[in-house]
Amino acid sequence: MNKMPNSLQLLSGNHAVSWAARLCKPDVAPLYPITPQTPILEKITEFHAAGAMKTELLTPESEHSAMSACISASLTGARVFTATSSQGLLLMHELLHYAVGARTAIVMFNVNRTPASPWGFWPDQLDSLAQRDTGWIQLYSETPQESLDTVIQSFVLSEKLNLPCMINHDAFYVSHSVEPVDVPDQGLVDGFLPPFAPEHMLDTNVGSSFGAPIDQATWNRSRKEMAAANDLVCDEITKIGREWGALTGRSYEPLEKYRCDDAEVVVVTMGSMCGTAREAIDDLRNQGIQAGLLKVRLFRPLPKQALQDALRGIPCAIVLDRNYSPGTGGILHQELKSVMYGQENAPKIHGLLAGVGGLNVSAENIRDWVKKYQKAKVEPESQWVE
Amino acid sequence: MEKMPSPLWTNSTSLERMTGTWRNALPYYKNLPSPCHGACPVDGEIAQWLLQVNKEDHFGAWITLVDNNPFPSIAGRICHHPCETSCNRTNLDETVGICSLERFVGDKALADGWAFAKPQEERPEKIAIIGGGPAGLSAAYQLRRRGFQVDLFEARPALGGLLRYGIPAYRLDKSILDQEIARIIDLGITTHLNAEVLDAKALKKLRENYDAVYLATGASKPKALPGLDYCADYVLDSAEFLAATNAGEKCELGEHLVVIGGGSAAMDVARTARRLGHRVSVLSLEPDELLPAQRAEVDEAKEEGIGFICSSMLKSVVAGDDGITLRCTKIDFKPGETRGAFSMSEVDGGTFDLTAHAIIPAIGQDADIDRWTGMLNAQGPVVATDAKWQTETDGIFAGGDLASMDRFVTQAIGMGKHAAVAIAGYVCPDQVVSQPDKGAEVPYKAINTAYHPKEQRNAQAHLMVDVRLQSFKEVQLPLPEAEAIKEAGRCFTCGTCTLCDNCFLYCPDVAIKKVDGGYTVDADYCKGCGLCVAECPTGSIAMQEES
Amino acid sequence: MEAIKYEENGQFHSGHVACAGCVEALALRVVLNTVGQDAVAVVPPSCTAVICGGYPFSSVKIPVFHTTLESGAASASGVKRALVAKGKPDTTVLCLAGDGGTYDIGLQALSSAAERNEDILYVCFDNEGYMNTGGQKSSSTPLNAVTGSTPAGKLTRKKNMVEILAAHRIPYIATASPSDLNDLTDKVKKAKNIRGMKVLIILIPCLPGWGVADDRAVACAREAVNAGVFPLFEVEDGTKYTLNVKEKVQPVNSYLAMQKRYRQLSEEKISAIQADVDEDWQRLMDKTNGR
């Protein structure tokens with residue numbers, strides 16, 4: 001397994017992530033195990049033990065310390081990778097803010113899992129969506145191949161903009177499902193991902209320090225600069241996704257439209273549910289219903305303009321949220337409503353709480369919901385569906 | 001795409017922040033006199049030269065010493081060392097052995113042949129000095145250093161006065177005396193030996209031929225013990241005894257001698273007599289603990305087998321066939337307010353007899369003032385002088401035992417120095433220097449004793465008693481160099497900056513800067529905490545309130 | 001008199017905002033000057049964070065990363081690993097933390113870094129409480145000390161951090177005091193040349209927090225050492241104990257008397273403190289003697 005293959009391999013989503021990490025050659029990889037992220041860690045430690053990965057592997061006592069080490073390593077000019085899930089991500093919360101404020105370029109993989117309590121280990125995106133105000137770039141992946149490709153693209157993006165990036169895929173549905181994955185050649189990745197050379201870092205020759213207490217105006221300015229960087233993300237990830245496509249034949253966009261061109265109704269969702277939705281759309285089309293799918297790959301920063309352009313003129317949008325934010329409902333639902341607010345020719349937007357807690361959502365379910373809600377009166381609240 | 005410049009990395013140092021504005025007091029460096037300096041009759045910069053010894057700069061130490069006293073070897077042997085009594089270190093453990101260190105430096109100078117620098121200029125003014133004892137020699141030295149022409153008149157055949165004729169060799173080896181005197185004379189002083197200035201008329205004539213005269217003829221008249229027949233063959237005055245024995249002459253006095261008195265001279269007589277094989281008893285008015293001699297002298301005398309009969313007074317003497325009987329009485333002695341003053345009463349039934357062969361009264365000497373009648377007046381038992389040691393005759397100055405009751409060798413040396421400064425100013429107004437005010441001395445509490453761990457004083461080695469009694473070899477032995485350096489290191493160096501860097505290195509604000517020969521406080525940053533003052537081992541920094 | 005021998009190399013600047021007379025600034029000055037320029041520091045919130053910084057100024061010459069309160073050792077590990085990965089394994093990585101960030105909230109990360117034997121020099125400026133927030137108790141606050149959160153005096157003893165660290169069997173642990181700068185300098189030098197985890201705990205009498213006069217912090221630390229309240233010693237590999245100041249030369253009374261946090265202590269409470277100090281001293285003696 002030391003020999004880097006350039007052909008297809010049968011990989012789980014998590015092992016595809018480990019392969020991506022290996023190809024990106026992070027200088028430092030602080031890792032703490034948690035179900036269902038653990039296979040990512042174990043494959044990396046396997047690579048490391050076998051000498052196939054030269055990274056400084058750091059196995060601290062908590063995700064909190066893992067993220068602390070990520071931040072300081074990144075500020076020291078190191079390429080940094082880590083992975084977590086659910087409770088681990090929530091434990092990091094304080095530091096997720098810190099990582100962005102420090103303008104690090106950390107790439108983190110998160111396996112979406114229900115947060116406790118009660119204890120559960122099921123696919124649900126609340127863990128990462130709850131971090132939406134931290135300022136991390138958030139990307140949601142549908143398949144093992146996409147997870148691999150997105151990790152590689154994220155390093156390019158993060159290191160260019162000095163914004164940390166979190167890529168997410170759903171527990172088990174993606175993390176543990178196996179498919180043939182094209183693992184690109186190391187040379188290809190080396191050519192695609194330039195060395196990390198931040199302008200500011202902890203450099204003994206410079207002696208400049210980061211994180212000293214500041215005044216109100218400087219804090220304010222730091223947020224404006226963060227906003228300016230965020231404004232660049234959507235275009236940048238688009239460019240990077242297309243460049244990757246040119247090299248590998250697999251091109252990526254912040255939003256992916258499936259049969260949306262003449263659609264009367266569009267399903268909007270993220271992550272593994274997109275695959276199921278695609279099947280449902282095909283069925284619906286076969287039944288003569290002009291349905292389409294809008295896959296949200298980039299959730300933060302929210303690609304507002306792209307969403308508005310994609311949905312303008314479509315009569316009905318049905319958002320499937322595999323998460324529940326108490327008091328608000330489905331998070332993507334709320335986000336979409338706010339993006340479309342005041343837009344001309346905006347669709348009516350239904351929000352469905354679908355598969356919260358990891359419940360299985362079948363193509364049949366989606367097909368039924370589309371039929372039902374396309375004609376239904378729009379409720380402002382997200383609706384629980386099964 | 002252009003990278004966003006990050007505004008969050010520091011780009012400058014805290015030096016732009018002037019924390020000196022927080023302060024309400026600023027430290028300053030001060031050189032305050034040490035208590036030893038305050039007590040020293042010659043204003044010897046003791047803290048300074050001890051520091052030099054400790055840093056193994058022995059020549060530097062000698063230069064500092066001889067600025068004030070040309071006799072470090074002598075003073076290091078016989079000074080009554082008020083410096084040691086006043087030493088701040090006595091509050092911690094024991095005084096620094098200053099005398100032994102002065103002797104160390106003085107002896108090193110003699111051994112290595114260090115000479116005084118010649119005067120930088122020759123001046124025409126002529127000064128006559130009458131009396132070649134410690135005061136006269138000290139004055140001669142200080143005046144000659146300043147370029148004046150000095151004629152030194154001594155009544156006896158050799159210079160030294162009391163040093164030569166009063167101090168026994170076991171305390172001061174004569175070769176030391178000779179060398180330290182020779183070194184002074186080598187500066188270019190004209191000496192006139194066997195040249196006694198007999199009376200006021202001679203003095204007047206001398207005054208006419210010189211720009212100024214310094215009179216330091218000492219106290220040559222023995223005090224008389226009332227009721228004692230000085231003409232009796234069993235009585236010999238102490239000064240005569242010491243002069244004779246110091247000159248190597250024999251005195252036929254019989255086996256058992258009674259020395260009357262409790263001062264240094266009495267000890268010198270007793271111990272000299274002991275070395276000449278006599279049995280010796282000391283009879284003193286003072287109780288043992290109040291004997292005016294230095295304690296070491298008393299202790300050494302006892303070691304040498306001298307008997308002490310204290311709190312006792314001689315009432316009469318009866319001469320017999322084989323010796324004499326001294327009829328004595330016990331007294332109740334009460335010291336007075338000033339040195340030398342006392343009151344006493346006889347103890348009822350305290351009469352006792354003492355048999356002996358001879359009596360040597362050693363109760364002190366008086367100045368011979370009558371000789372100068374017409375020129376000089378008396379002020380009590382001494383010649384009247386003003387604050388600058390000038391007598392009531394213009395241009396005639398006086399000092400030493402003639403003009404003071406402070407009858408110590410180093411007091412005389414100090415007086416000679418002070419008179420020389422005054423004479424220089426008198427004959428040459430451009431050389432007037434105001435005597436610096438010694439100022440408040442550094443108190444013990446200003447010393448941070450954390451830097452001065454307790455350490456016993458070097459118990460300067462002494463000759464074994466049996467060896468002492470067989471010769472006039474010096475009792476006190478010199479300190480070896482390593483021990484001297486170590487002993488000098490016990491000095492707190494009160495009030496003198498030792499450039500130890502404590503203030504520089506302790507400042508939490510890096511606000512002490514090194515400058516040539518010391519330190520300065522950077523007022524831009526000093527917050528006025530006073531840590532430098534607290535951690536100064538020598539009490540050389542203080543805080544000054546700022547408005 | 002033994003001269004203080006640390007070299008002033010300009011690693012620490014005037015103009016920082018420590019309280020007048022603060023010996024944390026002094027200890028920082030000694031540590032930084034002894035470590036030199038080839039170093040990176042990680043600083044969790046603490047008085048040292050305030051002293052080092054105040055954007056856009058820095059009072060230290062080396063780069064400093066200000067991290068979160070509980071992350072000191074983890075962040076320092078991250079810096080060290082990054083430097084190793086970038087081919088600079090010899091650069092010293094310092095973690096400069098307070099006792100809150102060490103004994104309390106940072107203990108988990110510290111324990112883990114110790115267990116991993118990370119190559120960092122962790123310095124705890126131990127002022128026995130949360131002094132930067134105005135003086136509340138930490139687990140380093142000693143018995144009977146009054147703080148903002150223990151107005152009647154703390155009911156329990158100070159946590160024995162050295163023993164906790166010794167149990168990790170790290171290469172080097174030492175205590176140090178601003179009253180013994182040569183000892184501190186020697187320990188920093190020694191620690192700098194050891195690969196692996198080194199922890200230095202420096203007692204920092206806090207002027208406002210302990211109620212000590214502006215010019216007395218060094219004297220207070222000296223009393224602590226002399227009374228055996230804060231013994232100066234080293235532990236190598238968790239087992240080899242060496243005492244640097246060999247004697248406990250005075251009772252605790254004068255040490256307590258110079259601090260307002262111990263004001264109005266009953267004789268009984270003073271005796272309780274003395275008993276604790278004596279017991280701890282004996283335990284330390286036993287360890288020093290290999291028992």
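In chain A, helices α7 and α9 cross each other in a right-handed way. Keep in mind that you're looking at a predicted model.

- Helix α7(A) covers residues 144-161, and helix α9(A) covers residues 216-248.
- Their axes come within 10 Å and cross at roughly 140 degrees.
- Angles over 145 degrees would count as roughly antiparallel, so α7(A) is oblique to α9(A).
- On the α7(A) side, the residues that meet α9(A) include A:Asp149, A:Val156 and A:Leu161.
- Over on α9(A), the residues they meet include A:Ala229, A:Glu236 and A:Trp244.
- Sorted by class, this contact has nine nonpolar, two polar and three charged residues.

**Where chains B and C touch**

- Chain B puts 34 residues into the contact, and chain C puts in 31.
- Three elements of chain B each supply at least two residues to its side: β1 (12-13), α17 (502-506) and α18 (531-534).
- That side of chain B splits into 17 nonpolar, ten polar and seven charged residues.
- Strand β1(B) also runs parallel to strand β2 of chain C (residues 57-58), and two bridges join them.
- In β2(C), C:Phe57 is the bridge partner of B:Ser12.

**The domains of chain B**

- The domain assignment gives domain 1 as 17-31 + 497-545, domain 2 as 126-220 + 366-431 and domain 3 as 224-364.
- Between the C-alpha centres of domain 1 and domain 2 of chain B there are 47 Å.

Notes: Residues numbered from 1 in each chain as written. Chains lettered and ligands numbered in written order. Predicted model: local features only at pLDDT ≥ 70, side-chain atom pairs only at ≥ 80, totals over all residues. Domains from an automatic or database assignment. Contact = placed C-beta atoms within 7 Å. Helix = DSSP H or I, 4+ residues; strand = E, 2+ residues; numbered from the N terminus. Nonpolar A, V, L, I, M, F, W, Y, C, P; charged D, E, K, R; others polar. Pairing = 2+ DSSP bridges. Axes fitted to C-alpha atoms, helices over the stretch in contact; angles between N-to-C directions. Parallel < 35°, antiparallel > 145°, perpendicular 65-115°, else oblique. Left-handed = near helix turned anticlockwise from the far one by under 90°.
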